[in-house]
Amino acid sequence: MAALAKLKGQPAPAGQPHPANDQGQNTEGSARALLRFITCGSVDDGKSTLIGRILYEAGAVFDDQLTALDSDSRKFGTQGAAPDFALLVDGLSAEREQGITIDVAYRYFSTDARSFIVADTPGHEQYTRNMATGASTADLAIILIDARKGLLPQTRRHSFIVSLVGVRHVVVAINKMDLVGYDEAVFKQIEQDYRKAVAGLGFASIDFVPVSARDGENVTSLSSLTPWYRGPALLPLLESVVVVAEAEVEAGFALPVQWVNRPDLDFRGFAGTVAQGRLRVGDAISALPSGRRSTITRILAPSGDVSQASAGQSVTVTFADEIDISRGDVIASLTHAPIVQQELRARLLWTGEAALREGGEFILKLATSTANAQIVRLHHSVDIESYAETPAQSLVMNGIGLATLKLDRPLAVLDYARSRELGGFILIDRLSNQTVAFGFVEIRTARDKARSVTEAGAAGRAILRLVGWRGAQERRAWLEAASWRLASGLFVFAAVALPTGQWALAAALGLGDIALRPLLKGLHARLWARKAPPALYDGAGI
């Protein structure tokens with residue numbers, strides 16, 4: 001422990017780590033707000049090193065771990081004789097051999113001001129799915145950028161993903177400042193480039209901190225090497241971030257049913273974790289998707305009967321009426337309730353090896369529900385460089401796009417912006433049973449449609465009623481039928497005009513074909529419908 005021994009028992013000036021020991025720095029009973037955050041960015045930006053340094057300086061590394069770190073640093077480290085703090089979180093043998101993060105590593109630590117759960121996520125493009133998994137439960141994201149390289153494609157991709165999964169607070173740690181001489185101009189340029197790149201992603205706050213994770217500069221205390229930086233060090237900044245638990249204050253409540261608790265003949269309860277809002281004894285409820293109604297008579301928490309429960313709590317509820325509810329159903333308030341839909345419009349982060357194409361069939365898991373899903377339309381994909389939406393026929397691995405899915409049964413869903421639990425889902429390949437996509441529900445409300453109609457004007461309203469809304473199935477069907485009629489009319493026109501040279505006659509016949517073909521098709525369908533035998537009708541022969 002030669003390198004680490006020099007650090008033990010010394011004070012912790014700026015840039016130097018605190019001594020680690022087995023005595024916690026926290027006292028029981030102190031109030032701390034839990035913050036879940038992730039580190040993300042491109043390969044070799046120093047994510048694991050930064051977390052290891054924070055854990056060490058926060059006193060969250062025990063003496064036996066320090067002994068192992070000293071040994072592992074000599075065997076796997078990349079810092080010469082100095083300790084390699086990345087090894088505190090990179091535990092897989094493949095990670096240590098390759099010097100990259102593969103799996104998500106979760107660590108818990110606390111300071112006098114706050115408790116933290118941090119997820120170290122991989123930067124390699126092949127493991128983007130692991131990064132998305134870590135981001136799905138985070139309140140804040142630390143996005144690392146190598147000061148020498150600036151913004152990279154994976155930096156942009158991770159920024160888009162954290163915005164997609166609902167993370168609204170971002171701290172950009174511009175790392176390896178020691179390798180650019182702590183140049184203020186480099187820091188300012190990267191800050192400017194990043195703000196410009198993510199201007200449309202909807203982050204509530206973006207803070208920038210110049211750091212050297214390897215040397216501990218600006219990690220827990222301000223460094224004398226960056227006198228031009230006026231903000232707080234990284235850890236004090238994390239301690240001060242205010243995150244509002246939106247699911248808890250959301251109007252209405254929703255409880256996806258995980259299990260029907262039936263221990264004896266006298267008790268039937270419905271257990272699950274409250275997804276949003278607050279429910280109370282006496283509240284009127286609706287069981288979705290069936291729509292059956294009742295009133296809450298009891299709420300049982302692990303400690304016993306309680307009068308109310310809020311988002312994040314696991315409870316069992318009972319009702320005044322015997323109504324049929326099973327796993328996958330959602331117990332919801334009568335107002336601000338989830339919407340029951342059998343067709344979902346959702347953004348997809350595709351993680352499968354094979355490309356996503358229209359017509360693909362998968363298993364969809366949303367909250368406690370499972371359904372069969374088919375991709376009926378892929379609207380567009382997102383260019384990761386510009387975040388522009390471009391038409392697409394498929395999504396390759398790590399591609400992001402908007403799609404419409406049709407389910408084999410209705411599900412209760414919410415817009416992902418309102419609820420991660422009832423707005424987020426995964427798609428599972430039927431054969432391999434692998435997760436191939438993360439989905440984020442987007443609900444187009446009646447108000448959105450009405451606003452579109454108002455803004456469209458009289459001519460626009462007539463067109464919208466005729467061809468349907470943008471992205472709707474009726475618009476696709478209309479466009480498909482119109483293109484087929486136009487192609488058929490052009491064929492008739494060419495077939496008459498080219499051999500005969502009678503352009504007027506050819507034009508008349510072409511227009512006649514466009515007008516008469518749908519009428520003849522409808523008449524043909526009606527004639528066959530009248531002659532259809534009884535065996536073709538639903539229920540015949542049973």
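Is arginine 347 buried or exposed? Arginine 347 is buried, at a relative accessible area of 15%; buried here means under 20%, exposed over 50%, and partly exposed anything in between, using a 1.4 Å probe and protein chains only.

1. A quick word on the model: it's predicted, so local features need pLDDT of at least 70 and side-chain atom pairs pLDDT 80 or more, while totals for chains, interfaces and linings use all residues. Residues are numbered from 1 along each chain as its sequence is written, and side-chain values use heavy atoms, with hydrogens and water left out.

2. Back to arginine 347: it forms a salt bridge with glutamate 389, with the closest N and O atoms 3.2 Å apart. (A salt bridge is a side-chain nitrogen of Lys or Arg within 4 Å of a carboxyl oxygen of Asp or Glu.) Glutamate 389, at 44%, is partly exposed.

3. By that rule there are ten salt bridges. Asp146, Arg148 and Lys176 make up a network of them. Aspartate 146 has its closest N–O approach to arginine 148 at 2.8 Å, and to lysine 176 at 3.5 Å. Aspartate 146 is buried at 0% and lysine 176 at 18%, whereas arginine 148 is partly exposed at 47%.
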